[in-house]
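Here is a short note for a colleague who is opening this model for the first time. Please keep the structure in view while reading.

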Amino acid sequence: MPAQKENVSSAISSNGGSGISSDRLQAVARGDNVPAEVHESVFEATPVLKINAFNLWYGTKQVIHNISMPIPRNQVTALVGPSGCGKSTLLRSVNRMNDLLQNVQVTGDMQLNGDSIYDSRMDVIDLRKRMGMVFQKPNPFPMSIFENVVYALRIDGEKNRSVLEEVCEISLRGAALWDEVKDCLNDSALKLSGGQQQRLCIARAVAAEPEVLLLDEPCSALDPIATGKIEDLIQELRGRYSVLMVTHNMQQASRASDYTAFIYLGRLIEYGPTSDIFTNPVLQETESYVTGRFG
Amino acid sequence: MAHGEPWVWLMSGSLAVAVTMIVGLLLFITVRGSLHFWPRPLYEITLRDGETCLGEVTSREMGANHPQEDETFDDRRLVHIANFELTGTHYRWINESDIATTQQPRFATVVERLEGGRFHGFPVRVLKNGVAVSIGPETAWLKYKEIAPAIRKQFRDANYLDKHERGKLQQRLRSARLAMFNARLKHGTKENSFVDAAREKEKQISKEVATLSSHLDKNLAALRKASQAWSFEFETAEGHSVILPIEEIVQAWQPNNIGFFGTLRVYGARWWEFLSDDPREANSAGGVFPAICGTVSMTLFMALLVAPFGVLAALYLREYAADGPLTATVRIAINNLAGVPSIVYGAFGIGFFCYGVGGWIDELFFSASLLADNQPTYGTGGLLWASLTLALLTLPVVIIATEEALVAVPNSMREGSYACGASKWQTIYRIVLPRALPGIMTGLILAMARAAGEVAPLMLVGVKKVALDLPIDTSFPYIHPEREFMHLAYLVYDVGFQSPNSQAAKPMVFTITLLLVALIAALNITAIHIRSHLQRRYVHQHF
């Protein structure tokens, strides 16, 4: 690990030579506690999810350091940062997918609409039912398109055909997939193209009316056209769903999100409205990252 | 070297050797097996000392090629001369130097009899109740052709009636007897009204059965009389006259007189007899239908038993059991189980299943029949115990294959399911198992192939040399898992190595082997077809 730190700091200092301020990033790389720059306007919106002093360790390695941030309701919030900075881990902590891994320890808490996520009384299965999640690679289930969409209802024991059909249509329309698959709902979902599969996964995630929609780099395995369709879809979801997404693509973050958080080596650096982050960030470090001069 | 060409050669060479050996073996079996039923010409061979014989030439041997130098042989040929009751042998070596003349007489006839092996001779006349109806080789043969099907049908009908009707009567008698023993078991051996009633009933039924039985005898006698009236007189090459009852002629043909299509017809008829009939003459002739039935039902039964067992065990091992020294030990033990000699499974099967579980079932549910006949029902070898033993034998294969299939299910699918709020069991049941199904099928295919070809444990747990009562038949309750059965692989052993008439049995071994290989191939192709269907449905991803 020390070697890794050295690499990062040397990379930063070489950047620093070209006149870009990276004091905070160097401090983070050294392991210092650096206060997050959170814009006031973030606190004005009503939050759907609150992350409070959250820390996470894989074994002895700490990958999330004391992150606190509110996620505004019915808005799109993007998490950006270099690879391995812990943004996916943070996202997977929200619906406690990290419980499936061994050797994970957390402190701090998150609150979904006021309910403590890491409370010992919280049933993790109920918790996951209140959220929808879309993964990097499309992961349709080996069953028909219809059954994929209504999966969450099926496992709840819903058998009423008309209810299922209604939910299926609404969700597929919501995921802008209905027109393409309405005539082949009973075909295997595995026969769809990659972009269609990812929209199917979004339809599956919204079918159970989630309180938060978690998108983990939803376009990273897709071609540009499919990516454009998913981005359009995220625009449409804004206002109806609270979306928390992880992305590597700065253009995508600037186009598709309302709020952006910059995370570096497990620490929140700056968090604010997307327009401010991209055009007028408080920190020089953020500017150099989002403009692609670093990272 | 850097491109690895020598390795490519080595690899392709190894593959070529393997393919050559497999194809060669299959080809050898196919050719030898399929030629057995092809009617070959009959030669009338006259020797220099005046002896004559009529037979098929089965093989030739060159004296010079014989390895043992101190014994000198002339060139010689092996002739299937048949007519065992006259010649005392089925086959005979004839030295080429002893032969005076060889010819193919037009009316030379091969007769397959129910008993006594083949007969070779020339038709003389057809008799009805000892009176000649048609005389002369050609007219007699035509007359035989005309009447034979009807006579054979009468004969078969009579046999069927004898077997089934009499079987039913005996069944009635037996159930009455069992009812009496049951009453005795239930209400004590001391005289009481229940036992008396059952005994009365039994007496009454046995009286009824006796009347019905004599009726049946009368009907049978009438039927038999009609078919027994006909017989066929032949003359052998040496001039002996032999009279054969027509009802006992399974098939007859004149190989020198039928042309290509006639030969083809005889060939088809003999194959049909082989596939559809019961065995005769200590399994060295006739059909193998009971063995086909036994092999198929045993294999399918085994698959039904091993699939749930193996899949559940693998699921627990892979999905629920925590990784640790214990799990590793269990896994190694399972792998080692695959290397235990199969006869050990047979010994375990007879000790545990037949005598242990079977004896216990007999005591609990069949105590009356144990008392009545002094015969076990489940407490001896049978289809159920053989299937269970082989299920145990193939369990490691299924467990290992299922584990592999479970590991191959992409983690992203499980995560997707968990993210939807599914529990572990829901994820396994709805996502993991369907996706792993093709891999599980692969394990099952391997298990079935192994079970269908296994012999050693079966000899201990239920396979019999002759068992004409099929494990699945038309009498209630239709499936009889307690019955002993015949098996093709065992038949190969029995016919090949236990037969008194080894020359006649040898080609039969190839034919049975061919059939067994074809049967396993058919089972596998069906399973592979199902698997590819599942694969299309659950695995293939199109981008």
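The numbered points below go through domains, contacts, sheets, helices and a few single residues.

1. Ground rules. This is a predicted model, in which local features need pLDDT of at least 70, side-chain atom pairs count only at pLDDT 80 or more, and totals for chains, interfaces and linings use all residues. Residues are numbered from 1 along each chain as its sequence is written, and chains are lettered from A and ligands numbered from 1 in the order in which they are written.

2. Domains of chain A. The assignment gives domain 1 (1–34) and domain 2 (35–290); such bounds come from an automatic or database domain assignment. The C-alpha centres of domain 1 of chain A and domain 2 of chain A are 29 Å apart. Eight residues from domain 1 of chain A and nine residues from domain 2 of chain A make up their contact. Two residues are in contact if their C-beta atoms, placed from the backbone, lie within 7 Å. The side of domain 1 of chain A that touches domain 2 of chain A has five nonpolar, two polar and one charged. Here Ala, Val, Leu, Ile, Met, Phe, Trp, Tyr, Cys and Pro count as nonpolar, Asp, Glu, Lys and Arg as charged, and the others, Gly among them, as polar.

3. Domains of chain B. This chain is divided into domain 1 (37–120 + 249–276), domain 2 (131–228) and domain 3 (289–538). Between the C-alpha centres of domain 1 of chain B and domain 2 of chain B lie 40 Å.

4. Where the chains meet. How many residues does each chain bring to the contact? Chain A gives 21 residues and chain B gives 22 residues. On the side of chain A that touches chain B, the elements that give two or more residues are helix H5 (124–129), helix H7 (151–155) and helix H10 (194–206) of chain A. Helices (H or I, at least four residues) and strands (E, at least two) are DSSP runs, numbered from the N terminus. The residues on that side of chain A divide into 11 nonpolar, five polar and five charged.

5. An enclosed strand in chain A. Five of the five residues of strand S8 (residues 212–216) of chain A are buried, so S8(A) is largely enclosed by the rest of the structure. A residue is buried if 20 or more other C-beta atoms lie within 10 Å of its own, exposed if 12 or fewer, and partly exposed in between, with C-beta atoms placed from the backbone. Val212(A), Leu214(A) and Asp216(A) point one way from S8(A), and Leu213(A) and Leu215(A) point the other way. Strand S7 (residues 131–134) of chain A pairs with S8(A) in the parallel sense over four bridges. Two strands pair if DSSP finds at least two bridges between them. Val134(A) stands opposite Leu215(A). S8(A) also pairs with strand S9 (residues 242–246) of chain A, in the parallel sense, over five bridges. There, Leu244(A) is the bridge partner of Leu214(A).

6. The antiparallel sheets. In chain A, four strands form an open sheet in the order S3-S2-S5-S6, with antiparallel pairing. Eight bridges join strand S2 (residues 47–58) of chain A to strand S5 (residues 104–112) of chain A. In chain B, an open sheet of five strands has the order S4-S3-S2-S1-S5, again with antiparallel pairing. Strand S4 (91–95) and strand S5 (99–103) of chain B stand at the edges, each with a single partner strand, so one side of each has no neighbour in the sheet.

7. Two helices in chain B. Helix H3 (residues 137–187) of chain B and helix H4 (residues 193–228) of chain B pack at an angle of about 175 degrees, with their axes 10 Å apart. Axes are lines fitted to C-alpha atoms, for helices over the stretch in contact, and angles run from 0 to 180 degrees between N-to-C directions. H3(B) and H4(B) are therefore roughly antiparallel, a term for angles over 145 degrees. Their contact residues divide into 20 nonpolar, six polar and 11 charged.

8. Most residues other than glycine have a negative phi. Asn74(A) has a positive phi of about 55 degrees, and Asn83(B) has one of about 50 degrees. Are they buried or exposed? Asn74(A) counts as partly exposed, with 15 C-beta neighbours inside 10 Å, whereas Asn83(B) is buried, with 25 other C-beta atoms within 10 Å.

Definitions and conventions
Parallel < 35°, antiparallel > 145°, perpendicular 65-115°, else oblique.
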